[in-house]
Amino acid sequence: MAYINENYLKLKAGYLFPEIARRVKVFNESNPEGAKRLIRCGIGDVTEPLPEAVRYAMHDAVDEQGVPETFKGYGPEQGYDFLRNAIADHDFKARGLNVEPDEIFISDGSKCDTGNILDIFGAGNKIAITDPVYPVYVDTNVMIGNTGDANENGAYEGLVYLKCNAENGFVPEIPAEPVDLIYLCYPNNPTGATATRAQLEAWVAYALKNKAILLYDAAYEAFIQDPAIPRSIYEIEGARDCAIEFRSFSKNGGFTGVRCAFIVIPKTLMGRKKDGTPQAIHPLWSRRHSTKFNGASYIVQRGAAALYTDEGKSQVRALIEHYMGNAALLVQACKEAGLSVFGGINAPYVWVGCPTGVTSWQMFDKMLNEANVVITPGAGFGSAGEGYFRISAFNTRANVEEVCRRIKALQ
Ligand SMILES: *Cc1c(COP(=O)(O)O)cnc(C)c1O
């Protein structure tokens with residue numbers, strides 16, 4: 001008999017995006033005119049094409065692969081030095097941060113990295129996630145058996161949910177009970193919130209004191225406009241001893257379809273064995289990565305490295321300006337419509353309070369049926385997301401301007 005991993009059966013069937021897709025399909029079939037007007041501001045995918053510097057670099061890399069002198073087969077599992085060096089120099093050393101190239105592991109995406117990291121942590125960790133949350137953190141913990149069943153609100157037994165709301169600026173307070181692994185994502189998807197230096201210092205102090213590890217997802221760091229907001233957890237003193245950072249080229253370089261990301265594991269970061277003795281995390285991840293992964297494509301890594309050239313940097317800046325310009329328009333339109341608005345200033349997501357008495361799925365239906373705009377209902381990100389909806393700034397300017405007109409015209 002072939003037994004299955006029954007943890008998968010605990011996963012909730014009604015996952016957010018399939019339910020959105022179902023409702024949009026019903027709408028499109030019953031309302032062909034509205035379907036033509038439909039604008040999607042739902043899923044967090046980029047819309048603008050790849051920067052020119054990336055395309056040129058990838059073309060060159062394809063040509064290299066076409067002749068015997070420069071053909072490359074398997075590369076180093078951890079990534080090519082040219083990319084690891086560029087990341088260390090530009091993302092960290094240039095900002096005065098101490099991250100070495102061999103502490104950087106290149107992968108084909110942060111979604112995989114945030115899920116796969118659980119391979120190297122043992123059973124019995126108390127896992128803390130924010131509510132609302134990027135659903136990947138929750139589901140990967142369910143799959144690996146770190147939780148019990150979900151209750152009727154969709155909350156899993158065994159996870160510690162850290163409430164994020166307008167009162168705490170969507171940055172969780174330090175929990176009363178001890179936790180071992182804490183997922184933090186700033187700038188945040190879905191709320192668009194950022195964490196201040198003081199807030200991150202408090203989390204680092206907590207992690208050091210409790211020998212906990214922060215899993216810090218900085219996929220949206222490139223969208224930070226305010227120089228006072230940390231772009232990396234390693235800007236906080238002590239973070240090298242308590243934090244793993246996840247970064248991706250998906251949102252800054254428009255790599256959602258190209259696939260390239262990286263994870264930083266400082267060599268000083270320790271986990272614990274059962275008896276409490278310290279064990280470095282770095283060699284465990286290195287072993288895991290080289291056993292279960294055979295490296296991101298050479299062509300893709302050449303494309304990613306081009307993001308760090310002068311041309312690449314200026315083209316990324318233009319992309320970010322475009323999306324943040326969209327976000328500013330959406331924030332303004334929601335304010336003019338009398339809605340309470342969060343995010344959208346250092347992140348490409350605008351997090352909007354539903355009018356009093358309206359649930360987030362009711363708001364989804366209203367936006368779909370009356371404005372023909374697809375948004376993401378906050379409840380899909382966790383029970384604390386109820387009463388909010390997310391508008392993504394990943395869109396063309398023309399679409400955003402039209403969405404703004406429709407929001408202001410809503411009754
Ligand atoms: C988009 C996103 C990522 C990046 O995922 P990739 O797999 O690298 O495309 C990571 N974390 C969050 C919260 C995201 O929204």
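**Entry 1: a glycine in a loop**

I started with glycine 254, which counts as buried because its relative accessibility is 11% (buried means under 20% relative accessible area, exposed over 50%, partly exposed in between, with a 1.4 Å probe and protein chains only). Before going on, I noted that this is a predicted model, where local features need pLDDT of at least 70, side-chain atom pairs count only at pLDDT 80 or more, and totals for chains, interfaces and linings use all residues. I also jotted down that residues are numbered from 1 along each chain as its sequence is written, and that side-chain values use heavy atoms, with hydrogens and water left out.

Glycine 254 sits in the loop between strand 7 (243-248) and strand 8 (261-264) (helices, H or I with at least four residues, and strands, E with at least two, are DSSP runs numbered from the N terminus). What does glycine 254 touch, leaving aside its neighbours within four places in sequence? I found Val46, Leu50 and Phe249 in contact with glycine 254 (contact means heavy atoms within 4.5 Å). Valine 46 is 208 residues away from glycine 254 in sequence, yet their C-alpha atoms are 6.0 Å apart.

**Entry 2: helix 6**

Next I checked helix 6 (residues 135-144), which is largely enclosed by the rest of the structure because seven of its 10 residues are buried. Pro135, Tyr137 and Asn141 are among the buried ones. The cover over them includes helix 5 (110-116), strand 3 (127-131) and strand 6 (213-217). After helix 6 comes glycine 145, with a positive phi near 95°.

**Entry 3: the ligand**

I counted 14 residues around the ligand, and the closest include Asp217 and Ser248 (a residue is near a molecule if one of its heavy atoms lies within 4 Å of it). That shell splits into five nonpolar, five polar and four charged residues (Ala, Val, Leu, Ile, Met, Phe, Trp, Tyr, Cys and Pro count as nonpolar, Asp, Glu, Lys and Arg as charged, the others, Gly among them, as polar).

I looked up two distances to ligand oxygen atoms: a polar side-chain atom of tyrosine 220 is at 2.6 Å, and a side-chain N or O atom of serine 250 is at 2.5 Å. The protein buries 94% of the 380 Å² that the ligand exposes when taken alone (areas come from the Shrake-Rupley method with a 1.4 Å probe).

Last, I traced an open antiparallel sheet of four strands, in the order 11-12-15-14 (two strands pair if DSSP finds at least two bridges between them). Strand 11 (341-343) and strand 14 (376-377) each have a single partner, so one side of each has no neighbour in the sheet.

Conventions: Polar contact = N/O pair within 3.5 Å; in protein donor to acceptor, adjacent residues only side chain to side chain.
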